[in-house]
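Q: I would like to go through this structure with you, one region at a time. Could we begin with how its helices pack?
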Amino acid sequence: MLSYRHVFHAGNFADVLKHLVVLETLQYMMQKDKPFLYLDTHAGGGGYALHCAQAQKNAEFSNGIGMLWGNKELPEAVGRYMEQVALFNQQNQAKGLGFYPGSPWLAQSVLREQDRLSLFELHPQENKLLEKTMSQAGRDRRVKVFSQDGFQGLIAQMPPKERRGVVLMDPSYEVKADYDRVVEVLVQAHKRFATGNYLLWYPVVERMRIQHLKKAIQASGIRHVEAYELGLSEDTSGRGMTASGVMLINPPWVLKSTMQAVLPWLVKQLAPQNGFYRIETWVEE
């Protein structure tokens, strides 16, 4: 679907959770010298101006990164994340919080010379912005941007030549079939590359869909699956995202302890009255 633009949601509470988990996973992978592939199936524009009309329409960043900006007392993992957000703003010569980095830029910023990035974005405007964002510091031989369906691109690139990899899947879910398709694609990719680290972001709009997603993963035969959720309010039957989560296949073993410290802190910062978090093991190792 080519109507979705992530700029409307850039820097919201869901981005905070997703990007924290992405960065912690990449940091874990870099503990070994061996190179790896970072693959983003729905890369978006790579970075966003928070002062533009689209971002200002609902100002979702005000309930996300805006609540954390300027806070000096941070858990270690949140500190690393905020350093990257600050660096992106410095790169764009912003005074204060004017820009927000997407997952492609975050990965490009922290990955090493020997690592690779494969970024897929089908929306023509987002793809053009992605190319621009990823070339701000000059041509980067590690990075390849593809104007094609990320689900198909993921399957085609598995297994990576490095035999190590981190995959981020975060479709818009505007097409309801995406809830089923993400499972189908994960199963196919996992068959080709069972040792990969897979991260699947999901929105909680209707809890029923997440329960269905969980059951489908549990029935797939895939092992070692964890999920982390951050919510601003309890589930409702109305419209709108009340929470979001990141499901991981083969998560870093240190991630659970990190998130046990980070998630309660985020709830206090972002939604002290009605917020909540979940840490779940969907499938044992």
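This is a predicted model: local features need pLDDT of at least 70, side-chain atom pairs count only at pLDDT 80 or more; totals for chains, interfaces and linings use all residues.

Q: At what angle do helix 4 and helix 5 pack, and how far apart are their axes?
A: Helix 4 (residues 76–91) packs against helix 5 (residues 103–110) at an angle of about 95 degrees, and the axes are 11 Å apart. Helix 4 is therefore roughly perpendicular to helix 5.

Q: Moving on to helix 7: which of its residues are buried?
A: Gly150, Phe151, Gly153, Leu154, Ile155 and Gln157 are buried. That is 6 of the 8 residues of helix 7 (residues 150–157), so this helix is largely enclosed by the rest of the structure.

Q: What covers them?
A: The cover over the buried residues of helix 7 includes strand 1 (37–40), strand 4 (116–120), strand 5 (143–146), strand 6 and helix 8.

Q: And which residue caps the N-terminal end of helix 7?
A: Asp149 does, with a side-chain oxygen 3.1 Å from the backbone nitrogen of Phe151.

Q: Now Asp170. Where is it found, and is it buried or exposed?
A: Asp170 is located in the loop between strand 6 (165–169) and helix 8 (178–192). Its relative accessible area is 11%, under the 20% cut-off, so Asp170 counts as buried.

Q: What does Asp170 contact, beyond its neighbours within four places in sequence?
A: Its contacts are Lys18, Asp40, Thr41, His42 and Trp201. With Lys18, the side chain of Asp170 forms a polar contact of 2.7 Å.

Q: What about Gly11: buried or exposed?
A: Gly11 is buried, because its relative accessibility is 0%. This residue sits in the segment before helix 1 (13–29). Setting aside residues up to four places away in sequence, Gly11 touches Val16, Glu60, Phe61, Gly64, Ile65 and Tyr100.

Q: Last topic, helix 10. How far does it reach from its first C-alpha to its last?
A: Helix 10 (residues 255–270) has 16 residues and reaches 21 Å, close to the 22 Å expected at 1.5 Å a residue.

Q: Which residues of helix 10 are buried, and what covers them?
A: Among the buried residues are Leu255, Met259, Trp265 and Leu270. The elements covering the buried residues of helix 10 include helix 1, helix 3 (65–68), helix 4, strand 8 (225–231), strand 9 (243–249) and strand 10 (276–283).

Key:
Residues are numbered from 1 along each chain as its sequence is written. Side-chain values use heavy atoms; hydrogens and water are left out. Axes are lines fitted to C-alpha atoms, for helices over the stretch in contact, and angles run from 0 to 180 degrees between N-to-C directions. Helices (H or I, at least four residues) and strands (E, at least two) are DSSP runs, numbered from the N terminus. Angles under 35 degrees count as roughly parallel, over 145 as roughly antiparallel, 65 to 115 as roughly perpendicular and the rest as oblique. Buried means under 20% relative accessible area, exposed over 50%, partly exposed in between (1.4 Å probe, protein chains only). Contact means heavy atoms within 4.5 Å. A polar contact is a pair of N or O atoms within 3.5 Å; within protein, one must be able to donate a hydrogen and the other to accept it, and residues adjacent in sequence count only if both atoms are side-chain atoms. The expected span of a helix is 1.5 Å times one less than its number of residues.
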